[in-house]
Amino acid sequence: METLTSWNLIINLEKFPSFNLEKAVCNHGFFMMAPNHWDPSTKSFSRPLRLADSITSAMTFISQPTREDHLVVKVYGASILSLKDERAIQSQVIRMLRLSDKDEQDVGCFHKLYPDAKAKGFGRLFRSPTLFEDVAKSLLLRFCPWKTSLDLAKALCDLQLKKVMSKRKRATIGDFPSPEELASFREEELKGKAKFGYRAAELILLAKQVADGTIKLSKLEKDDIADEPNARTFKLKINGAGPFTTHTIMMCAGYYYNIPIDSETMRHMKEVKNIRHPLISFFLIFATYLFLVCLTCFLAC
C-alpha cells in the first residue's frame, strides 16, 4: 500500500460524542464477512468502497485517532477525488457505522431505555455500505454453518476481482459485487467457486430484480419510511427470504423489534445464556430495540 497514492477524508464526530470505532464495527458477524477486514492491532477497518460512478472501487481504510473527535478515511489509488467521489465514500462510511442524525437519535433513545448498553458503549449495529449487500449476505446465512457463510461471501468477492477488478492495475482484493455485476454472473461460475448450491440462482435473481427496479430496496431503509407502523408489516418479496432472513434484513435497515433466530442463534443462547425459549417476557418491555438488548447481553459474555 505504501507505493499507492492516497486521499484523506475527515468525518467529524462532534455530534456523536459516544462513538467508538471498534465497538461500532465489532458487534455483529457481518463485519467478518468479505471484503470487510478489522485489524485489532491498529484498530482500523478496511475494505473496497465504490466511487461516484458505482463501478470503480477504491481500497479504503478507516481509523479513529486516539482522543480525537473525527474519523480518518484514507482512500488508496487516488491522488485526488472529485467532490462526488468524496460524497459517495462518506455516504457508505456513514451507513456502515450508522452515523446519521437519525441513527444518533436511535442510539440516544436506546441508551435511555437500557443504560447497560450505554455503559458498554454499544448501540450501533455494523452493516454494509449498501442494503443490497446486506440482503445478499443475509441470504448466505441460511441453513449452513457460519464458516460456510464466510466462504461464500469471500467467493463472491474473489469472483468480482477476477471478472471486474482484474482489469484495473494493482487490484488485489475484490469488492462485494454490485447488483449489475452479480446479475452478470452465471450459476455455474458461482457453484464452481464455492458451495452455493440453490443460493446461486437466488442471488442472481435478487441481483437482476434490484438492477431492473423490480425490487426497490430504498423503500426498506428506515430513514425513507415515514410511517413506522407500516414498516412493521412490510413484506419482503425476495425469493428465499423466510422469517430469519427477513428479520436480519430489517435489522440491517434499522428495525430491531424482531430477533433473527436460526439454529445457530438457539445453540448460542442455550450454551452461553442457558435460554430455552427465544422470546423471553423480560425483553418484551424493550419492544423497538429488542434485538439490540439481546445482542448487548451476548456481547457481555
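This is a predicted model: local features need pLDDT of at least 70, side-chain atom pairs count only at pLDDT 80 or more; totals for chains, interfaces and linings use all residues.
# A guided reading of the structure

The buried residues of helix α11 are F244, T245, T246, T248, I249, M250, M251, C252 and A253. These are nine of the 11 residues of α11, and the helix is accordingly described as mostly covered.

T246 belongs to α11, which runs over residues 243-253. Is T246 buried or exposed? Its relative accessible area is 15%, and a residue counts as buried under 20%, so T246 is buried. When residues up to four places away in sequence are left out, T246 touches L236 and A241. Just after the helix, G254 takes a positive phi of about 110°.

The view may now widen to the whole protein. There are 13 helices and five strands. The chain has 301 residues, and 50% of them count as buried.

Which residues does F196 touch, not counting residues up to four places away in sequence? They are L140, L152, A155, L156, L190, K191 and L203.

Charged side chains provide a second kind of link. Side chains of opposite charge can pair when their charged atoms come close. The structure holds 20 salt bridges. One of them joins the side chains of R47 and D175, with a distance of 3.0 Å from N to O. R47 lies in strand β3, whereas D175 lies in the loop between α6 (146-163) and α7, so the pair ties together parts that are 128 residues apart in sequence. R47 and D175 are both buried.

D175 has another partner. R50 forms a salt bridge with D175, and the closest N and O atoms are 3.2 Å apart. This pair also links distant parts of the chain, because R50 is in strand β3 and D175 is in the loop between α6 and α7; the two residues are 125 residues apart. R50 counts as buried because its relative accessibility is 11%, and D175 counts as buried because its relative accessibility is 2%. The two arginines and D175 belong to a network of salt bridges that links R47, R50, E133, K137, D175 and E181.

R186 pairs with E189, the closest N and O atoms being 3.7 Å apart. R186 is partly exposed, with a relative accessible area of 48%. E189, by contrast, is buried, with a relative accessible area of 17%.

About 870 Å³ of space lies in the largest pocket. The lining of this pocket consists of 44 residues, and R95, P129, T130, L131 and E221 are those that lie nearest its centre. Which elements each supply at least two residues of the lining of the largest pocket? They are β3 (44-50), α2 (83-97), α3, α5 (131-140) and α7 (179-184). The largest share, five residues, comes from α2. By class, the pocket lining has 19 nonpolar, nine polar and 16 charged residues.

The structure holds one cavity of 30 Å³ or more, and the largest cavity has a volume of about 80 Å³. Its lining is formed by S18, F19, N20, K23, A24, N27, V107, H111, G121, F122, G123 and R124. Two helices, α1 (21-25) and α3 (101-113), each supply at least two residues of this lining. By class, the cavity lining has four nonpolar, six polar and two charged residues.

Definitions and conventions:
Residues are numbered from 1 along each chain as its sequence is written. Side-chain values use heavy atoms; hydrogens and water are left out. On a 1 Å grid over the protein atoms alone, a cavity is a set of points where a 1.4 Å probe fits but cannot get out, and a pocket is an open set with protein on both sides within 12 Å along at least five of seven lines; lining residues have an atom within 4 Å of a point. Grid points are joined across faces, edges and corners, and a volume is the space filled by probe spheres set on the points. Helices (H or I, at least four residues) and strands (E, at least two) are DSSP runs, numbered from the N terminus. Ala, Val, Leu, Ile, Met, Phe, Trp, Tyr, Cys and Pro count as nonpolar, Asp, Glu, Lys and Arg as charged, and the others, Gly among them, as polar. Buried means under 20% relative accessible area, exposed over 50%, partly exposed in between (1.4 Å probe, protein chains only). Contact means heavy atoms within 4.5 Å. A salt bridge is a side-chain nitrogen of Lys or Arg within 4 Å of a carboxyl oxygen of Asp or Glu.
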